Amino acid sequence: MEEVRIQKKDRAVSFRVIEEEGEYIVFDMSLSNPASSRTHYTGKQFAEAWKAVESILGETEIPDEITKYANS
């Protein structure tokens, strides 16, 4: 599993990639949300996972560490 943490102001997201499964998990690490609603996306579509990131952080550039997944 690969994980990239992205932070903007007071919001933080964990973007996880499970390569063996081809799965992406977006987890809202901000303490303002209850723990039960922190997972915003689990699935196999990078574009949908990135939409979940931007729904939390606003418009965000894809970090270099995970651009390889965006282009595949």
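1. Leaving aside residues up to four places away in sequence, S14 touches E3, V4, I25, V26, F27 and M29, where contact means heavy atoms within 4.5 Å. The model is predicted: local features need pLDDT of at least 70 and side-chain atom pairs count only at pLDDT 80 or more, while totals for chains, interfaces and linings use all residues. Residues are numbered from 1 along each chain as its sequence is written, and side-chain values use heavy atoms, with hydrogens and water left out.

2. S14 is buried, at a relative accessible area of 0% (buried is under 20%, exposed over 50%, partly exposed in between; 1.4 Å probe, protein chains only).

3. The side chain of S14 has a polar contact with that of E3 at 2.4 Å, and another with the side chain of R16 at 2.9 Å. A polar contact is a pair of N or O atoms within 3.5 Å; within protein, one must be able to donate a hydrogen and the other to accept it, and residues adjacent in sequence count only if both atoms are side-chain atoms.

4. S14 is found in strand β2; strands (E, at least two residues) and helices (H or I, at least four) are DSSP runs numbered from the N terminus. β2 covers residues 11–18 and is joined to β1 by seven bridges, antiparallel; strands pair if DSSP finds at least two bridges between them. Q7 stands opposite A12 in β2.

5. The open sheet has four strands in the order β1-β2-β3-β4, paired antiparallel. β1 (2–8) and β4 (39–43) are at the edges with a single partner strand each, so one side of each lacks a neighbour in the sheet.

6. Helix α1 (residues 46–57) lies across β1, β2, β3 (23–28) and β4, at about 165 degrees to β2. Axes are lines fitted to C-alpha atoms, for helices over the stretch in contact, and angles run from 0 to 180 degrees between N-to-C directions.
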